[in-house]
Amino acid sequence: TPVRRTSVTGITSDAAAFAQSSFDYVIVGGGTAGLVVAARLSENSAVNVGVIEAGESRFGDPYVDTPAYLGEGFFNPLYDWAYETVPQATLNGRSVALNLGKMVGGGSGLNFMIYGRGCQGDYDNWSQLGIDGDWDWAGLLPYFEKTESVTIGPSVTPYNLTEPSGTGAGEGKSGPLPISYNNFYSEIEGPYAQALLSLGVPQNADPDNGDTTGLFNSAASVDAATGNRSYSGRDYLLPNVGRSNLAVLTGAQATKIQFTQNGGNATATGVQFTASGTSYTVSAGKEVILSAGSLHTPQLLELSGIGDEARLSALGIPVIVANSDVGENLQDHQTIYSDFLLTDPDIPTINTLFSNASYAATQEAQYLTNHTGFFTYTPSAVSFHPLQQFWTDDDLQTALAQLQTEIAQANVSTFISKQYQLQIDSIKQGQLAQMELVFLAGVLGEASSDQENFVNLANFASRPFSRGSVHINTTDPLASPLIDTAYLQFSFDKEVLVKGAQLNRNLTQITPLSSFISSPLNPSADVSTEEEFENFIIENVSTEWHQVGTASLGPFGAGGVVASDLIVYGTSNVRVVDASIMPMQIGAHIQATVYAIAEKAADIIKAAQ
Ligand SMILES: Cc1cc2nc3c(=O)[nH]c(=O)nc-3n(C[C@H](O)[C@H](O)[C@H](O)COP(=O)(O)OP(=O)(O)OC[C@H]3O[C@@H](n4cnc5c(N)ncnc54)[C@H](O)[C@@H]3O)c2cc1C
């Protein structure tokens, strides 16, 4: 077969030349999922692929490559869209900052590198929502394996696990994405883990086997060979960037999908985009694939005329497909950090890398020579807890009764009500954990003096009930959409965070962890009653940056924006491939699932060629 060459190739900022090319597949968003699809589709030299990415490439940039610089790119437009939610009524009108990857690689270049699968029950629950096409654990498992290349070890961890994680069946050994386990642990991580274990939390030696419950040593999207972050830009795009049937346009924002309609389904013919203030259109001979992420994919659908009829008409946008589920069902992992001051400010944390030049220099030398040491640090002490582990039966019954009352008052859709039933069943069975804890060696926040050093104990509502939305309120395609995460919509989610923050406080009073902690910093020791903890949560709840669900898999007219082949309902050739298709949140950090979705999507698209 002759190669379908593009007139531009590789990573380019030449918008005019890109627009003049004719592509079979135009992918909007060169992020986590988008670059997986681009790499897989361009394996077939008979088709050509063009990717439109709003951000730039950041190859060789230490803020992306060096694991311990996690968070350093936040609020910087070179890496981050730096959005915020609309004022949240449940948070006394507070808006919450949302960091969002904006670069070649998207969120996979900005994230905290925790890497792991959800539980079997998470994905099997999806298939209970009227979704066919093997969108369940068994259907995704081959694609988790296809993504990753897992390096096992080192065999010693601070958790005294009997075997290192990642030895179970089904770890991918030859995928594009290098995955490894930390070779460096903060001195406080072992005592933290011991405190959890002393409360009866079980160890989990293989959380990727379909059950994440318990404490484990999390894998990371870090390449053990180089000590650098692995991400879709580096690991899916770079090895294939020389293909003559693949082009990635950077610094260009897609603004609208163009359609023709001759009765029946609408057919996309191309994508409008803007680069450096100029508008262009590029044609798509076969398909347009939206991989712009959970906040931008529904925005682009609405700008293109796919969404709620009344909303689009009010903005003067001609309706191509009326579907009021576009942009609904937004789910995020609600997060609370508790910071604790250390007794000895000289114990190294991330802060030390910035405040102690000689320590940083030693670590840097080690990093550059051996690719080990603190610069390879990612958070690794991760645990998931069914509520029964820490709540009394009374607590649970009271919270569930309150939840049922609030759900009845909330007047939710049938789709969401089905999700709630599945969630409540799993809570009662004690199967799928509701609470996640993660130890962070001073990742978030800055020390106020050399004498101050701290750690963050994070907790997350891992299977939340709150459901928000993301919609446009202007025809300006470059404006942020209105993001309503609906944090703490249900008191159940709040209670999970309250109990988590109290648990973190208690953990720091258990030896040997207690000897490392001098006092609670935020919330301070003054916060002690249930009501004070609740207020702390309301004032501080934030995001785990895990938005999903806004262009969900599901039945048309009953929650779905895409069918099981990921085709947008009402179109013949627009697909969505990113985190927005996940109908329900999973009890895990979500990047591994996004990669698996993209790998599966690529096979679906290839099968349709
Ligand atoms: C700060 C942070 C920390 C995280 N930590 C973790 C973690 O430790 N572990 C984990 O598993 N997950 C983590 N996540 C979540 C995970 O990284 C994301 O869920 C995942 O990367 C989303 O992938 P995606 O393909 O859906 O979207 P993205 O990777 O966000 O890709 C979307 C891409 O589309 C581009 N784009 C958007 N709109 C347009 C447009 N109109 N035109 C052109 N381009 C456009 C964006 O710039 C972006 O590059 C984190 C996320 C963040 C932001």
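The legends below describe an overall view and several close-up views of a predicted protein model.

**Figure 1. Overall view of the predicted protein.** Residue numbers start from 1 along each chain, as its sequence is written. Because the model is predicted, local features need pLDDT of at least 70 and side-chain atom pairs count only at pLDDT 80 or more, while totals for chains, interfaces and linings use all residues. The protein has 16 helices and 27 strands, where helices (H or I, at least four residues) and strands (E, at least two) are DSSP runs numbered from the N terminus. Its radius of gyration of 23 Å is close to the 25 Å that the globule rule gives for 609 residues, so the protein is as compact as a globular protein of that length; the radius is taken over C-alpha atoms, and the rule is 2.2 Å times the number of residues to the power 0.38. Of the 609 residues, 57% count as buried. A residue is buried if 20 or more other C-beta atoms, placed from the backbone, lie within 10 Å of its own, exposed if 12 or fewer, and partly exposed in between. The mean pLDDT (the predictor's confidence in each residue, from 0 to 100) is 95, and 98% of the residues reach 70 or more.

**Figure 2. Contact of helix H5 with helix H16.** Two packed helices are described by the angle between their axes and the distance between the axes. The axes of H5 (residues 137-147) and H16 (residues 591-607) come within 8 Å and cross at roughly 105°. Axes are lines fitted to C-alpha atoms, for helices over the stretch in contact, and angles run from 0 to 180 degrees between N-to-C directions. H5 is therefore roughly perpendicular to H16; angles of 65 to 115 degrees count as such, under 35 as roughly parallel, over 145 as roughly antiparallel and the rest as oblique. Residues of H5 including Leu 140, Tyr 143 and Phe 144 meet residues of H16, among them Ala 592, Tyr 595 and Ala 596. Contact requires C-beta atoms, placed from the backbone, to lie within 7 Å.

**Figure 3. Contact of helix H12 with helix H14.** The axes of H12 (residues 393-410) and H14 (residues 491-507) cross at roughly 150° and come within 9 Å. The two helices are therefore roughly antiparallel to each other. On H12, Ala 399, Gln 402, Leu 403 and Glu 406 meet Ser 491, Phe 492 and Glu 495 of H14.

**Figure 4. Helix H8 and the glycine after it.** Eight of the eight residues of H8 (residues 296-303) are buried, so this helix is largely enclosed by the rest of the structure. Among the buried residues are His 296, Gln 299 and Glu 302. Gly 305 follows H8 and has a positive phi, near 95°.

**Figure 5. Two cis peptide bonds.** The bond from Thr 511 to Pro 512 is cis, with omega near 0°. Pro 512 lies in the loop between H14 and strand S25 (517-522). Asn 522 and Pro 523 are also joined by a cis peptide bond, with omega about 5°, and Pro 523 is in the loop between S25 and helix H15 (530-540).

**Figure 6. Residues with positive phi in loops.** Asn 92, with phi near 55°, is in the loop between strand S4 (83-84) and strand S5 (97-98). His 371, with phi near 60°, is in the loop between helix H11 (357-370) and strand S20 (381-385). Asn 92 is exposed, with 10 other C-beta atoms within 10 Å, whereas His 371 is partly exposed, with 17.

Technical notes. Contact = placed C-beta atoms within 7 Å.
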